[in-house]
Amino acid sequence: MICHGLLRTLRLHAQTSTCKRAGFACQAVQRDSRYAALQRLDVDVFTAILGSQNVVQDTETLQSSNRDWMGKYVGQSQVILRPSSTQELSKVMAHCNDRKLAVVPQAGNTGLAGGSVPIFDEVILQTAQMNRIHSFDEVSGALQCQAGCILGELNEHLAAAGYVMPLDLGPKDKCQIGGNVSTNAGGLKLIRYGSLHGSVLGLEVVLANGTIIDTMTPLRKDNTGYDVKQLFIGAEGTLGIISGVSILCPPKPAAVNLMFLAVQDWSAALQTFVRAKRKLAEVLSAFEFLDSSALDLTLHQLPHIVNPLPDHQAPFYLLVETSGSNGDHDQSKLKDFLKEAKHDKLIQGGTVASDSAHIGEIWQLRENISVALNKAGKTYKYDMSLPVAEMYGLVEDVRQRLQKYPVRVVGYGHLGDSNVHLNVSTEEWDDDVLHDLEPYVYDWVADRKGSISAEHGLGQMKSQYIGYTKQPDTVDMMRDLKQLLDPNGILNPYKVLPEHVSFPSAVNDRLMASRSKSASY
Ligand code: FAD
Ligand code: MLT
Ligand code: ZN
């Protein structure tokens, strides 16, 4: 017997197509006629709920909120709503659901997959005004706050009590905790603090119809049935709008050191990683890499960024951070590690920063690679999970494949988490480059059982390729969950679960074979 969902997946696959918009891939979507267009009456209802100052329709603000951080995806929304409380958010959603008005949740708008901006005229729902901190328990480390709190501001609040947020990423002064949870952001410290699936203790979520689901517990342990909050972590605003977050925060480390090391090849980078895990063990808090192309581009585009190793040229550079409670203890571990790594000729050279200014300067380099890419032109940006030994092979392979084009291929990422960021920088969007990149890179990843999105999410960029990482039955189950929680499909439409799903050829053949088998019964 063939299940209903599988038939549906097959049917959808048969209609697969890719739309090329100005040289970059996006789904071949048309505005869904199920959704209502915004009327004067809707604006009146929103104004009655939120007050006129929180229903924004001026051209300038609409323009910037319709554009993503890369300036790649541009929507056509006619209204921005800014609730301050869960109750207001709930009333707004109930109205949108009744009227079938599509909604895009938007937090800091730093997402890199086009998830935070509309495609058509969806209502933009901004959480920036939901920025109150409810409580912080200095004994357990549990923080409870509204979803619109900015990550960097939460860190400042916690610093006074000697704590820190369990995640760190470049745009910390702009991104919001609700956006972080909705993308399941990884960032620079995942190797130390783990994924948000582990540190988020509870969530408050407003469903499409306005129902408020409250799981805002400060408890670490709760085995009463299904762990519902997990569904919303990484759902990119397609299942509900996160209004509150309860999260476990670790103590702020008293001693931090950051090494910037030059290594001669990928094998040496891997061996240095193994050595760091063994020798630095519990104090290891980051293990990042960038290639020479990333370093050169960043220094060229952003002259204020300092080269930590001006006298060394190497194919790869590593940022290895330690964080602990005892400076002497960490320094002694670090010295042992460096002595061994030098003795075994794993590293060519390096520098160690122990004061916060110097540490910050080196992190600036790593955190600004994507800023430099944005400045250089257009970027085909990929974010893959791959077996760590093979992950730089993708960058090398693509560099070779695109040799005939005037492009720069840049590799960097979270080596410690097996997450590579492949970036192809061009002056302008280019159909030929795109054609040589997609679906080639997604096939490359599927062949190695990797993930086409390690941390940025699918958004509108990668949604049609979900089948390159998720199996058809899993995609069908996701559709069922979406249908259950958002039957009118108003939450962030056209994202994550597309109408048309592509599968890599091996999965495709299996699907076709199972369909013809079932037809012969
Ligand atoms: P937005 O971009 O506004 O939204 C992201 C998604 O979540 C959208 O789909 C949106 O609809 C949805 N959403 C937002 N708020 C809510 C809510 N309250 N409820 C439900 N859905 C919601 N990401 C990493 O993982 N690691 C990195 O190291 C990293 N570095 C970055 C560096 C730079 C320079 C930039 C520009 C981005 C980087 N990112 C990184 C990507 C991005 O910053 C993260 O995805 C971040 O978590 C997004 O947060 P935001 O507040 O900007 O969310
Ligand atoms: C990073 O690690 O720098 C971010 O994920 C952003 C990017 O990939 O450009
Ligand atoms: Zn990253």
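Predicted model: local features only at pLDDT ≥ 70, side-chain atom pairs only at ≥ 80, totals over all residues.
Residues are numbered from 1 along each chain as its sequence is written, chains are lettered from A and ligands numbered from 1 in the order in which they are written, and side-chain values use heavy atoms, with hydrogens and water left out.

Let me start with the domains. The assignment, which is automatic or from a database, gives domain 1 as 133-248 and domain 2 as 255-369, and their centres, taken over C-alpha atoms, are 29 Å apart. Eight residues from domain 1 and 13 residues from domain 2 make the contact, meaning heavy atoms within 4.5 Å. Between the two domains about 760 Å² is buried, with carbon and sulfur atoms giving 54% of it, and Leu188, Ile191 and Arg192 supply 71% of the area that domain 1 buries against domain 2.

There are two salt bridges between the domains, each a side-chain nitrogen of Lys or Arg within 4 Å of a carboxyl oxygen of Asp or Glu. Lysine 172 forms a salt bridge with glutamate 367, where the closest N and O atoms are 3.1 Å apart.

Now to the ligand. An oxygen atom of ligand 1 lies 2.8 Å from a backbone N or O atom of alanine 107, and an oxygen atom of ligand 1 is 2.9 Å from a polar backbone atom of glycine 186.

Note on methods: Buried area = accessible area lost by both parts, 1.4 Å probe. Polar contact = N/O pair within 3.5 Å; in protein donor to acceptor, adjacent residues only side chain to side chain.
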